[in-house]
Amino acid sequence: MKRFAVIGAGTMGHGIAHAAALAGYDTTLTDARRDALVPALARVRANLDGGVQRGKLSAAEADAAFARLTTADSVAEATRDADVVVEAVVEDLNVKRELFTELDALVSDNTLLATNTSSLSVKAIAEVSAHPGRVLGLHFFNPVHIMKLVEVVTHDRTADDAVERARAIATAMDKVPIVVKDRPGFASSRLGVVLGLEAMRMVEEGVASAEDIDTAMQLGYGHPMGPLKVSDLVGLDVRLAIADYLERALGDARYAAPAILRRKVEAGDLGKKSGRGFYEWPTTSSSSTSTDT
């Protein structure tokens, strides 16, 4: 496996492309919005330079990784001769199914097809493929170039060799893969969303400030980042969409979104990408270019 394609150049997509290029894959990144590609490359370059400054990699390694990363104006161009394709587009089942239908007609039968969905049914995405056994989930975490976990999400028709290839890809990217079944929310989202929503309810009830609630989880439970800051990074609109989906899919009131979350999303306070959520964030020119989750 040498050629890697990423569909979607937003928050997750550019991070996956970064990790793939750094792992030695010839990587092509594309997006339905061509104007998202230049800022995505700039963010990858900035993150690679940040790794050099922190002593995580050499300048030569960063330059070599960036040289392996190119962009394409279309899905067809991006996936030409690809061994692996990872989809990181908007968290909408119909959009993803349409994309995988298109991919099925473009790539070879041996190409591994993966979705980065954080909660949607991988089986429902895979069933549009003539070869559903090569379709699975590769759920990365934000920021991809730092976070070590990857969920390899399998459905009842996923081929064993596809799982092994996915695990090998994650390991090559210096990630730790875990294999989970295709159930609503997988492992991470079901746990993370419950924690995040309860933290929001505590803010709504005036139990404590967002900062103090996050500090409690960091210092009291050893979390590297509190649930409200994580929610801001993920995007409050994304959190809301996942919560609504899980409440419907699982029939569980624990996933009912609190009013404070709906108010913030309606006001456009989406977290880091909009400059304001439960925290204030510095805005950047590329903050509005995300097309994925």
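**Rings and overall fold**

Tyr279 is buried, with a relative accessible area of 13%. Keep in mind that this is a predicted model.

How many aromatic pairs does the count come to? The answer is 2. In the pair formed by Phe4 and Tyr25, the centres are 5.3 Å apart and the planes make an angle of 55°, which puts this one in the tilted class. Phe4 belongs to strand β1 (residues 3-7), while Tyr25 is in the loop between α1 (11-22) and β2 (26-30), so the contact ties together parts 21 residues apart in sequence. Both Phe4 and Tyr25 are buried.

Now zoom out to the whole chain. There are 12 helices and 8 strands, and 51% of the 293 residues count as buried. For 293 residues, a compact globule would have a radius of gyration near 19 Å, and the chain has 19 Å, so the two agree. Along the principal axes, the C-alpha atoms fill a box of roughly 55 × 45 × 35 Å. Take the contacts between residues at least 6 apart in sequence: 69% of them join residues at least 24 apart.

As for the surface, the chain exposes about 13,100 Å², with carbon and sulfur atoms supplying 52% of that. On the charge side, there are 33 positive and 40 negative side chains, and the centres of the two sets lie 2 Å apart.

Terms used
Residues numbered from 1 in each chain as written. Predicted model: local features only at pLDDT ≥ 70, side-chain atom pairs only at ≥ 80, totals over all residues. Heavy atoms only, no water. Helix = DSSP H or I, 4+ residues; strand = E, 2+ residues; numbered from the N terminus. Rg over C-alpha atoms; globule rule 2.2 N^0.38 Å. Buried < 20%, exposed > 50% of the residue type's maximum accessible area, 1.4 Å probe, protein only. Contact = heavy atoms within 4.5 Å. Areas by Shrake-Rupley, 256 points an atom, 1.4 Å probe, with all protein chains shown as cover. Lys, Arg positive; Asp, Glu negative; His and termini not counted. Charge placed at Lys NZ, Arg CZ, Asp CG, Glu CD. Phe/Tyr/Trp six-rings, centres within 6.5 Å; stacked < 30°, edge-to-face > 60°.
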